[in-house]
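Me: Here is a structure that is new to me. Please take me through parts of it, one question at a time.

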Amino acid sequence: MKAVHFGAGNIGRGFVGLILHDAGYELVFADVNAGLIDALAASTSYQVHAVGENASTSTVTNYRALNSGTDEDAVVAEIATADIVTTAVGPTILKFVAPVIARALAARDAALPPLAVMACENAINATDLLRAEVVSRLDGGEGSPALDRAVFANTAVDRIVPNQAPDAGLDVTVEDFFEWAIEEGPFGAAVPVIPDAHFVPELAPYIERKLFTVNTGHATTAYHGWVEGATTLADALSIPEVFAEVKAVLEETKALLVAKHEFDPATQEAYLEKNLVRFANPYLSDTPERVGRQPLRKISRHERFIGPAAELAERGLPTEALLRAVRSALRFDAPSDPQTAELAEKLSTLPPEAFAEEVCGIAPGHPLFAALVGTIRSVDAFR
Ligand SMILES: NC(=O)c1ccc[n+]([C@@H]2O[C@H](COP(=O)([O-])OP(=O)(O)OC[C@H]3O[C@@H](n4cnc5c(N)ncnc54)[C@H](O)[C@@H]3O)[C@@H](O)[C@H]2O)c1
Ligand SMILES: O=P(O)(O)OC[C@@H](O)[C@@H](O)[C@H](O)[C@H](O)CO
């Protein structure tokens with residue numbers, strides 16, 4: 001069995017690669033970072049250190065590595081004969097890997113079992129986004145026979161993998177918790193062999209619970225922590241005012257998840273409490289810069305803040321804590337992040353009403369619009 005994985009970064013090596021290796025796949029990492037690919041290609045193993053109460057170390061072997069920027073033909077050839085292709089490159093990068101997958105599907109022997117394609121990004125239905133990009137590159141689009149050679153399935157991946165220490169080499173330190181939910185419907189009877197993943201009939205409750213609890217709470221910790229001058233996530237959560245804001249945000253998203261997916265409130269409360277502990281994992285060194293990265297993506301329409309806030313407002317439920325988190329997101333100005341300059345430029349050039357519509361996707365008439373515009377306007381006070 002062979003799996004090709006795009007994105008040999010934190011989650012690629014520390015989660016997807018490890019799980020596919022443990023499932024028995026030969027791995028081919030594809031990435032555009034030449035130094036990383038050269039290091040992987042020159043090595044025969046790396047280690048994943050899981051830290052927390054259930055610490056463990058795993059060794060990943062049986063992999064190869066290819067530079068998808070300079071050796072696209074080789075990556076196409078690998079995918080054409082693979083069983084699985086996964087991505088962990090970031091949702092905004094999917095459009096760049098799609099042409100490679102499209103070429104591979106066109107080249108794939110139609111007699112082979114279909115390729116399982118799964119995007120492991122933090123976004124609702126990321127695989128659908130990838131599929132749309134692949135289709136747009138295929139001759140004949142939706143009518144292309146090459147589409148019959150693949151099965152596309154959405155997934156929700158959860159494991160906190162911070163940026164690694166500069167001297168860590170290829171080894172990755174990760175939290176001990178992990179969860180990988182994959183929608184089973186698209187596969188029919190031919191579900192891929194991945195014992196550490198669980199296949200679910202409907203992904204929406206899983207991805208929304210994950211994105212609107214783990215990622216909403218995580219980003220709230222990062223943005224309020226950044227405003228308070230915290231340098232790690234654990235430090236941020238140790239500030240009582242930040243902790244209170246994170247808890248308040250998670251109570252708001254809990255109300256949505258309980259109302260929308262009929263989760264048991266006590267179970268959801270236990271889930272959010274567990275996540276507060278995960279964010280403060282003392283063995284993990286994570287930063288507001290990483291967790292808050294790409295603020296424009298994070299305040300977009302279907303993402304971790306505006307997504308739940310819009311649905312809460314539509315149901316007449318409170319959104320104040322989510323909007324206070326958005327206000328801190330608007331103040332995020334990490335120099336390492338190109339999106340913060342873009343954010344500042346949009347804040348200074350767009351009227352708040354236009355910002356709400358263009359950046360957050362909330363138009364006049366939506367029940368969140370007035371409060372969101374007020375939030376955007378209030379950021380002026382800090383400039
Ligand atoms: N780190 C986490 O805790 C975590 C957890 C769950 C999900 N995710 C998701 O996984 C994705 C990756 O996150 P990460 O933290 O591993 O980021 P990362 O920056 O560590 O890794 C991304 C990798 O993608 C590579 N890449 C960029 N453009 C590429 C291209 N065109 N082709 C091939 N590779 C390319 C980069 O060189 C990098 O090695 C994101 O969507 C993120 O939301 C991350
Ligand atoms: O990867 P992002 O930028 O969407 O979000 C940053 C973190 O919240 C995220 O990477 C978490 O660590 C991860 O989603 C945990 O499963």
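Me: How many of the six residues of strand β2 are buried?
Reply: This is a predicted model, in which local features need pLDDT of at least 70, side-chain atom pairs count only at pLDDT 80 or more, and totals for chains, interfaces and linings use all residues. Residues are numbered from 1 along each chain as its sequence is written, while chains are lettered from A and ligands numbered from 1 in the order in which they are written. A residue is buried if 20 or more other C-beta atoms lie within 10 Å of its own, exposed if 12 or fewer, and partly exposed in between, with C-beta atoms placed from the backbone. In β2, residues 26-31, the buried count is five.

Me: Which residue of β2 stands opposite phenylalanine 6?
Reply: Strands (E, at least two residues) and helices (H or I, at least four) are DSSP runs, numbered from the N terminus. Two strands pair if DSSP finds at least two bridges between them. Strand β1, residues 2-6, runs parallel to β2 and is joined to it by five bridges. Opposite phenylalanine 6 stands alanine 30.

Me: What is the bridge partner of aspartate 31 in β5?
Reply: β2 also pairs with β5, residues 63-67. Their pairing is parallel, over five bridges. The partner of aspartate 31 is asparagine 67.

Me: Which strands stand at the edges of the open sheet of three strands?
Reply: The order is β9-β11-β12, with mixed pairing. An edge strand here has a single partner strand, so one side is left without a neighbour in the sheet. The edges are β9 (155-158) and β12 (198-200).

Me: Which residue of β11 stands opposite alanine 156?
Reply: β9 and β11, residues 179-183, run antiparallel. Four bridges join them. Facing alanine 156 is alanine 181.

Me: Is glutamate 262 buried or exposed?
Reply: Glutamate 262 lies in the loop between α8 (240-261) and α9 (265-279). Its phi is positive, near 55 degrees, though it is not a glycine. Most residues other than glycine have a negative phi. With 8 C-beta neighbours inside 10 Å, glutamate 262 counts as exposed.

Me: How many other C-beta atoms lie within 10 Å of glutamine 294?
Reply: Glutamine 294 sits in the loop between α10 (288-291) and α11 (295-298). Its phi is positive too, about 55 degrees. Glutamine 294 counts as partly exposed, because the number of other C-beta atoms within 10 Å is 19.
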